[in-house]
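Subject: Structure handover

Hello,

Here is the structure I said I would pass on. Please open it beside this email and follow along; my notes come after it.

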Amino acid sequence: MVTMITLHLLAEENFEQAIALLKINSELSRKAHGFISRDIFFSTKDRLKGYSVTTWQTREDCDNFA
């Protein structure tokens with residue numbers, strides 16, 4: 001099992017578009033081979049800073065999705 005933690009730094013002028021892309025990417029990853037889970041967290045103090053935590057069965061599954 002492999003877990004990837006990704007930092008997301010969003011620009012205010014593209015905030016809505018960035019959130020939409022994160023949602024689309026989450027839906028796509030759920031359908032990918034080896035996907036286990038994905039959670040997205042945003043700071044309560046800075047809405048432009050967040051993390052996604054995605055877990056895959058293998059490193060190969062993770063690399064194939066990226």
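Read from the N terminus, the elements of the chain come in the order β-α-β-β-α. That gives 2 helices and 3 strands. Please keep in mind that this is a predicted model. Along the principal axes, the C-alpha atoms fill a box of roughly 35 × 20 × 15 Å. The chain has 66 residues, and 30% of them are buried. Of the contacts in the chain with a separation of 6 or more, 54% are between residues 24 or more positions apart.

The sheet

In general, the strands of a sheet pair through backbone hydrogen bonds, and the pairing is either parallel or antiparallel. Here the 3 strands form an open sheet in the order S1-S3-S2, and the pairing is antiparallel. Strand S1 (2–9) and S2 are at the edges with a single partner strand each, so one side of each has no neighbour in the sheet. From one strand to the next, the twist averages 15°. S2 and S3 run antiparallel and are joined by 7 bridges. To look at a bridge between residues, take Asp39: its bridge partner in S3 is Val53.

The helix on the sheet

Which strands does H1 touch? H1 packs on the sheet and is in touch with S1, S2 and S3, and its direction makes about 165° with that of S2. With a relative accessible area of 5%, Ser26 is buried. Leaving aside residues up to four places away in sequence, Ser26 touches Arg38 and Ile40. With Arg38 there is also a polar contact, made between the side chain of Ser26 and the side chain of Arg38 (3.3 Å).

The aromatic rings

How many aromatic pairs does a search of the whole structure find? The search finds 2. A pair of aromatic rings is described by the distance of the centres and the angle of the planes.

Phe35 belongs to strand S2 (residues 35–42) and Trp56 to strand S3 (residues 49–56), so the pair ties together parts that are 21 residues apart in sequence. Phe35 is buried, at a relative accessible area of 17%. Trp56 is buried too, and its relative accessible area is 1%.

Trp56 also pairs with Phe65: their ring centres are 5.3 Å apart and their planes are at 35°, so this pair is tilted. Is Phe65 buried or partly exposed? Phe65 is partly exposed, with a relative accessible area of 30%. Taken together, Phe35, Trp56 and Phe65 make up one aromatic cluster.

A charge over a ring

There is one more ring to find in the viewer, that of Phe15. The charged end of Arg47 sits over this ring, 3.8 Å from its centre.

To go through the model yourself, start with the S1-S3-S2 sheet, then find H1 packed on it, and end with the cluster of Phe35, Trp56 and Phe65.

Regards

Key. Residues are numbered from 1 along each chain as its sequence is written. This is a predicted model: local features need pLDDT of at least 70, side-chain atom pairs count only at pLDDT 80 or more; totals for chains, interfaces and linings use all residues. Side-chain values use heavy atoms; hydrogens and water are left out. Rings of Phe, Tyr and Trp (its six-membered ring) pair if their centres lie within 6.5 Å; planes under 30 degrees apart count as stacked, over 60 as edge-to-face and the rest as tilted. Helices (H or I, at least four residues) and strands (E, at least two) are DSSP runs, numbered from the N terminus. Buried means under 20% relative accessible area, exposed over 50%, partly exposed in between (1.4 Å probe, protein chains only). A charge sits over a ring if NZ of Lys or CZ of Arg is within 6 Å of the ring centre and within 35 degrees of the ring normal. A polar contact is a pair of N or O atoms within 3.5 Å; within protein, one must be able to donate a hydrogen and the other to accept it, and residues adjacent in sequence count only if both atoms are side-chain atoms. Contact means heavy atoms within 4.5 Å. Two strands pair if DSSP finds at least two bridges between them. Axes are lines fitted to C-alpha atoms, for helices over the stretch in contact, and angles run from 0 to 180 degrees between N-to-C directions.
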